[in-house]
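Subject: Model for you to look over

Hello,

Here is the structure I said I would pass on. Please open it, then read the notes below.

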Amino acid sequence: MEHRVTVTRWDSSQPPTEAELLATLAAEGLTAYRWSNDPGDRYAAHAHAYHKVLYVVEGSITFELHPGGPITLYPGDRLDLPAGTVHSAIVGPEGVVCLEGHRPVSR
């Protein structure tokens with residue numbers, strides 16, 4: 001099975017509530033946690049040993065895939081980032097609030 005980065009854009013004119021996004025993650029069996037950053041905060045290139053599932057609740061964040069390119073996420077957008085994917089990030093001008101859950105790596 002191929003594991004690739006996927007982005008699912010929010011397709012409603014109304015942004016989702018944090019409770020809706022938490023319920024979506026819980027329905028997938030994921031325990032989510034909330035994190036936030038200030039405008040312009042950066043994360044250096046790194047990778048994780050788990051599959052990251054991330055939703056933006058407020059603000060925006062741009063992930064840069066290495067190799068690959070930039071992916072900017074806005075409220076309601078979802079990023080599925082497979083384990084081992086090298087990425088960096090920069091927070092948008094309004095800061096960002098995200099919900100994140102981790103899916104174990106299947107063998």
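Buried means under 20% relative accessible area, exposed over 50%, and partly exposed in between (1.4 Å probe, protein chains only). By that definition, Glu-100 is buried, and Lys-52 is too.

Some ground rules. This is a predicted model: local features need pLDDT of at least 70, side-chain atom pairs count only at pLDDT 80 or more, and totals for chains, interfaces and linings use all residues. Residues are numbered from 1 along each chain as its sequence is written, and side-chain values use heavy atoms, with hydrogens and water left out.

Strands first. Helices (H or I, at least four residues) and strands (E, at least two) are DSSP runs, numbered from the N terminus. Two strands pair if DSSP finds at least two bridges between them.

E7 (residues 87-103) is mostly covered, with 12 of its 17 residues buried. Its pairings:
- E4 and E7 are antiparallel, over 13 bridges. Val-53 stands opposite Gly-101.
- E2 (residues 33-37) pairs with E7 over five bridges, also antiparallel. Tyr-33 stands opposite Glu-100.
- E3 (residues 42-46) runs antiparallel to E7, joined by three bridges. Arg-42 has Ile-90 as its bridge partner.

E6 (residues 78-81) is covered on both faces. Arg-78 and Asp-80 are buried on one side, Leu-79 and Leu-81 on the other. E6 pairs antiparallel with E1 (residues 6-8) over three bridges, and with E4 (residues 51-65) over four. Asp-80 is the bridge partner of Thr-6, and Val-53 stands opposite Asp-80.

Now the charges. A salt bridge is a side-chain nitrogen of Lys or Arg within 4 Å of a carboxyl oxygen of Asp or Glu. By this rule there are six.

Glu-28 and Arg-78 form one of them, at 2.6 Å, N to O. Glu-28 lies in the loop between helix H1 (18-27) and E2, and Arg-78 in E6, so the pair ties together parts that are 50 residues apart in sequence. Glu-28 is partly exposed at 31% relative accessibility, while Arg-78 is buried at 9%. Asp-80 also meets Arg-78 in a salt bridge, 2.6 Å from N to O. Glu-28, Arg-78, Asp-80 and Arg-103 are linked in a salt-bridge network.

Glu-100 and Lys-52 form another salt bridge, with the closest N and O atoms 3.5 Å apart. Glu-100 is in E7 and Lys-52 in E4, so this pair ties together parts that are 48 residues apart in sequence.

One last item: the peptide bond from His-66 to Pro-67 is cis, with omega near 0 degrees. Pro-67 lies in the loop between E4 and E5 (70-73).

Best wishes
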